[in-house]
Amino acid sequence: MVAQGFNVDLNKALVFQVGHLGEAYQEWIHQPIVSKEGPRFFESDFWEFLTRTVWWAIPTIWLPVVCYSIFTSIRMGHTVPEVALMVAFGIFIWTLMEYTLHRFLFHINTTSYWGNTAHYLLHGCHHKHPMDGLRLVFPPAATAVLCIPFWNLIKLLATPSTAPALFGGGLLGYVMYDVTHYYLHHGQPTNEVPKSLKKYHLNHHFRIQNKGFGITSSFWDKVFGTLPHSTSAKNI
């Protein structure tokens, strides 16, 4: 691929190449390569290992944290119905975060070397290689780091006894998001709702990349006017 006089060699580690694309980077990442074999990111085997995550690691690692957080609020005196409402609210807040992050951070326009490089690691790689099964979910180490400010924000806004359940709800929303995202790319749904959601998401990848930012639902796209006019997309 030639862009601004720079050749991206797909047979070599990509991360430190893509920054050189400059203003052509956005066009390059939105020309997807549909292959289940992902590219190499880094020359270093250690850093390369950290970029690959199997989908089942997400519920395996984070669901115990969700359960612990929920039961903490119960132990602190809240009833099960009260905690259920807190968890539901946490999930609802996550859906807004999911939409906001996807629209305003994951799809930020970059042109500088380090801006392009960071964006490629964050989300650009997913649009370039949308079927890379080992880079569809967020690496647990990165999630753990991001949980720290999320937990501190909840502690600031909520009471000591409600904060754990709200945090658990938000984290549960994230788990649901990540496994749903994986399924939309690699699952073959037969029921109407998941089939429609899969078509909706693939439409974002292959037809209208600047709309359809919801993953688990199209609710916030409807609220904020980013619902695409058509959701017809080819099946993968």
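Is Phe92 buried, partly exposed or exposed? Phe92 is partly exposed, with a relative accessible area of 39%, and this residue returns below as a member of an aromatic pair. The structure is a predicted model, and the values that follow are computed from its atoms.

## Annotated spans

The unreviewed UniProt entry carries the annotation "domain: Fatty acid hydroxylase", which covers residues 88–226.

Residues 53–71 are 79% helix and 0% strand, with end C-alpha atoms that lie 28 Å apart, while residues 136–154 are 79% helix and 0% strand, with end C-alpha atoms 27 Å apart.

For helix 9 the span agrees with expectation, because its 15 residues should span 21 Å at 1.5 Å a residue and its end C-alpha atoms are 21 Å apart. The buried residues of helix 9 are Leu197, Lys198, Tyr200, His201, Leu202, Asn203, His204, His205 and Phe206, and the elements covering them include helix 5, helix 6, helix 8 and helix 10.

## Gln26 and its contacts

Gln26 is placed in helix 2, which runs over residues 25–29, and at 15% relative accessibility Gln26 counts as buried. When residues up to four places away in sequence are not counted, Gln26 touches Ile108, Asn109 and Thr110. With Ile108 there is also a polar approach, in which a polar atom of the Gln26 side chain lies 3.4 Å from the backbone oxygen of Ile108.

## Aromatic pairs

The structure holds 17 aromatic pairs. One of them joins Phe92 and Trp220, a tilted pair with 5.5 Å from centre to centre and 50 degrees between the planes. Phe92 lies in helix 5 and Trp220 in helix 10 (residues 219–224), so the pair ties together parts that are 128 residues apart in sequence. Trp220 counts as buried at 12% relative accessibility, whereas Phe92 is partly exposed at 39%.

The rings of Phe150 and Phe167 have their centres 5.6 Å apart and their planes at 40 degrees, so this pair too is tilted. Phe150 lies in helix 7 (residues 140–157) and Phe167 in helix 8, so the pair ties together parts that are 17 residues apart in sequence. Phe150 is buried, with a relative accessible area of 18%, and Phe167 counts as buried at 8% relative accessibility. Ring pairs also link Phe92, Tyr99, Phe213, Phe219, Trp220 and Phe224 into a cluster.

## Thr53 and Pro139

Thr53 is found in the loop between helix 3 (45–50) and helix 4 (57–75), and it is buried, with a relative accessible area of 6%. Not counting residues up to four places away in sequence, Thr53 touches Ile58, Gly133, Leu134, Val137, Pro139 and Pro140. Thr53 and Met131 are 78 residues apart in sequence, and their C-alpha atoms are 14 Å apart in space.

Pro139, one of the residues that Thr53 touches, lies in the loop between helix 6 and helix 7. At 21% relative accessibility Pro139 counts as partly exposed, since the class of buried residues ends under 20%. Apart from neighbours within four places in sequence, Pro139 is in contact with Leu50 and Thr53. The C-alpha atoms of Pro139 and Lys128, which are 11 residues apart along the chain, are separated by 18 Å.

Conventions. Residues are numbered from 1 along each chain as its sequence is written. This is a predicted model: local features need pLDDT of at least 70, side-chain atom pairs count only at pLDDT 80 or more; totals for chains, interfaces and linings use all residues. Side-chain values use heavy atoms; hydrogens and water are left out. UniProt positions are given in the numbering used here, feature names are shortened, and annotations may be inferred rather than shown by experiment. Helices (H or I, at least four residues) and strands (E, at least two) are DSSP runs, numbered from the N terminus. Buried means under 20% relative accessible area, exposed over 50%, partly exposed in between (1.4 Å probe, protein chains only). A polar contact is a pair of N or O atoms within 3.5 Å; within protein, one must be able to donate a hydrogen and the other to accept it, and residues adjacent in sequence count only if both atoms are side-chain atoms. Contact means heavy atoms within 4.5 Å. Rings of Phe, Tyr and Trp (its six-membered ring) pair if their centres lie within 6.5 Å; planes under 30 degrees apart count as stacked, over 60 as edge-to-face and the rest as tilted. The expected span of a helix is 1.5 Å times one less than its number of residues.
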